[in-house]
Amino acid sequence: MAIRTIVKHPDPILREKAAVVTKFNANLHKLLDDMAETMYDADGVGLAAPQVGVSKRVIVMDCGDGLIEVVNPEIIAFEGEQFDYPEGCLSIPGLRGDVRRHKWIKLRGQDRYGNVFEMEADDLLSRCAQHEIDHLNGVLFIDIADRVYPISKEEEGE
Ligand code: NI
């Protein structure tokens with residue numbers, strides 16, 4: 001495994017629509033392993049492949065309940081609204097935003113071997129998944145936030 005460099009806004013790769021994954025091979029497994037290591041190293045809760053310079057539909061997340069890998073993720077159902085948790089992004093250091101998100105979602109995706117699965121997520125994990133899927137469509141939280149503001153000095157040290 002290796003820590004990869006996190007691409008920062010305004011790198012144009014962050015604005016591309018990422019490609020559907022069709023090959024579930026060693027390259028994909030290495031990408032997933034490296035993404036997880038890069039996310040943990042950066043103290044993030046989620047990372048999308050374009051953020052490590054790979055324009056493919058791959059995300060990893062860990063909101064405290066263990067690592068979740070989703071290839072070709074799709075939101076197939078959603079309910080409710082949440083807007084009470086400040087959002088940030090490893091590609092946009094120093095900023096937070098208030099972003100309206102679905103409170104609950106159902107996702108369909110594939111695991112690293114290509115097996116299709118569905119999962120439900122609410123609250124922080126739901127927010128995280130929506131944020132990461134936005135990355136696959138070239139959307140950043142600063143585009144859709146009601147308000148964007150600098151991170152506080154105290155928070156920066158966390
Ligand atoms: Ni992000």
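Is His-135 buried or exposed? I looked this up and found that His-135 counts as buried at 1% relative accessibility, where buried means under 20% relative accessible area, exposed over 50% and partly exposed in between, with a 1.4 Å probe and protein chains only.

I note that this is a predicted model, in which local features need pLDDT of at least 70 and side-chain atom pairs count only at pLDDT 80 or more, while totals for chains, interfaces and linings use all residues. Residues are numbered from 1 along each chain as its sequence is written, and side-chain values use heavy atoms, with hydrogens and water left out.

Next I looked up the nickel ion, and found it coordinated by Cys-89 (SG), His-131 (NE2) and His-135 (NE2) at 2.1 to 2.3 Å; donors are N, O and S atoms within 2.8 Å of the metal (3.2 Å for Na, K and Ca), and since water is not among the atoms, sites may look incomplete. Cys-89 lies in the loop between E3 and strand E4 (95–98) and His-135 in helix H2, so the pair ties together parts that are 46 residues apart in sequence. Helices (H or I, at least four residues) and strands (E, at least two) are DSSP runs, numbered from the N terminus. Cys-89 is also buried, with a relative accessible area of 11%.

I then turned to the sheet, which is open and has five strands in the order E1-E2-E3-E5-E6 with antiparallel pairing; two strands pair if DSSP finds at least two bridges between them. Strand E3 (residues 68–79) is joined to strand E5 (residues 104–110) by six bridges, and Ile-75 stands opposite Leu-107 in E5.
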